[in-house]
Amino acid sequence: MSGKAKNQARKGPLSGLRVIEMAHIMAGPVCGMMLADMGADVIKVEKVPGGDDTRRMVPPKQGGESAAYMMMNRNKRAIAVDLKQPEGVTLLRRLIDGADIVIENYRKGTMEKLGLGYDTLAATNPGIIYCSLSGFGRSGPFADKGGFDLIAQGMSGLMSITGEGQGRPPVKVGAPVSDITAGILAAMGVLAALAERGRSGKGQIVDTSLFEAGITHTYWQSAICFATGQSPGPMGSAHPLNAPYQALRTADGYINVGAANQANWERLLKAIDAEPLSSDPRFLDNASRMANLNTLVEELESVFVQHPTNYWMERLNSAGVPAGPVLSVGEMHTHPQTIARDMVVELRHPSAGSVRSLGLPVKFSRTPGAVDSAAPLYGQHNAEVLKELGLDDRAIAELAGKGVLAS
């Protein structure tokens, strides 16, 4: 099958696009994964020796393979090329010349030192969309610094608003949200650049960072700070602007209750047989409830702890009050809504066998994407990809013998 035919065989609205992913760990691979899930042919270029560092983020392993690597790199093809050798750089240049998008998350200046900076690539492929992910972006006093989710969460303000309350130690969000969000923002930027290229025929640099990704999660808190001059602090699961909108203790765990507007507040009180609270001057409206939030929570939890979560779910669902259980990750995997939305999929890996992965979170009515192939082995597609460039078995074997290719 030719490279073009193979590319078009991918399902999804991005079928026919080729992406060269020169990225490792998370933010860049998230971007590549999103594009691959939507149909792009993503060729992951891994370093020699060792490949993507997530291959060594163990335990856990499954079938001898890193679970972390397999999660981030499904739906991709992979080659392992030594970019310290001129022949490796030449191969990569040839691949990029035939591609639509290149993704990289190296430190500033690394791609230029390799002869793979945007200006160089655009000289032979003016339509190339060059997506650069970094810790702090390509400009500013921190442009040269490396990128780590923990550092970005701290500097973006996220850790100052995450945790149980004032005076407690700083807490990072459990998920690496700046890494993941940067990857999603990068994919959004790439798609916007593709739309513009359709008009102008020209590519451009798409530049985003973990720092900016973290900042985007502070919209409400930034609004408060702009308006009052005061930086909000952590509030546990509570909302900075609406109440009650948080987790409440039940007899056997916690339930999230979103009764923030007045209509839902009144429905909540009726559903839990606490209607006298509706005339309590401390809770008459949202402003009052926010001013007396701790007391409000005490009053509500004194009721909720009398029955288990499932009991309250039935009562609140019947009353039309937004509510949901606080699930563990494993419970989320088996929840009927997760299954109905195809958010857990089963894949066949060449060495690990049957593995599960998370599904595509965006659905399309005419051109559905798909998660249908497991993450590649190290250098698994060396021969396949290079034959698409016109190299024969002998030439590929010679490159492998020189160490330009690894497997």
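Student: Which element gives the largest share of the lining of the second largest pocket?
Tutor: In this predicted model, that share comes from β13, which supplies 4 residues of the lining.

Student: And how much space lies in that second largest pocket?
Tutor: The second largest pocket holds about 430 Å³ of space, and of the 18 residues that line it, those closest to its centre are Met71, His333, Arg356, Ser357 and Leu358.

Student: Which elements give two or more residues to its lining?
Tutor: Those elements are α3 (67-72), α15 (329-334), β12 (344-349) and β13 (353-358). By residue type, the lining of the second largest pocket divides into 12 nonpolar, 4 polar and 2 charged residues.

Student: OK, now the largest pocket: how many residues line it, and which lie nearest its centre?
Tutor: The largest pocket, with about 540 Å³ of space, is lined by 27 residues, and His24, Ile25, Asn105, Gly147 and Phe148 are the ones nearest its centre.

Student: Where is leucine 150 found, and why does it count as partly exposed?
Tutor: Leucine 150 is found in helix α7, which covers residues 149-155. It counts as partly exposed because its relative accessibility is 45%, and that class lies between the cut-offs of 20% and 50%.

Note on methods:
Residues numbered from 1 in each chain as written. Predicted model: local features only at pLDDT ≥ 70, side-chain atom pairs only at ≥ 80, totals over all residues. Heavy atoms only, no water. Buried < 20%, exposed > 50% of the residue type's maximum accessible area, 1.4 Å probe, protein only. 1 Å grid on protein atoms, 1.4 Å probe; cavity = no way out; pocket = protein on both sides within 12 Å on 5 of 7 lines; lining within 4 Å. Points joined across faces, edges and corners; volume = space filled by probe spheres on them. Nonpolar A, V, L, I, M, F, W, Y, C, P; charged D, E, K, R; others polar.
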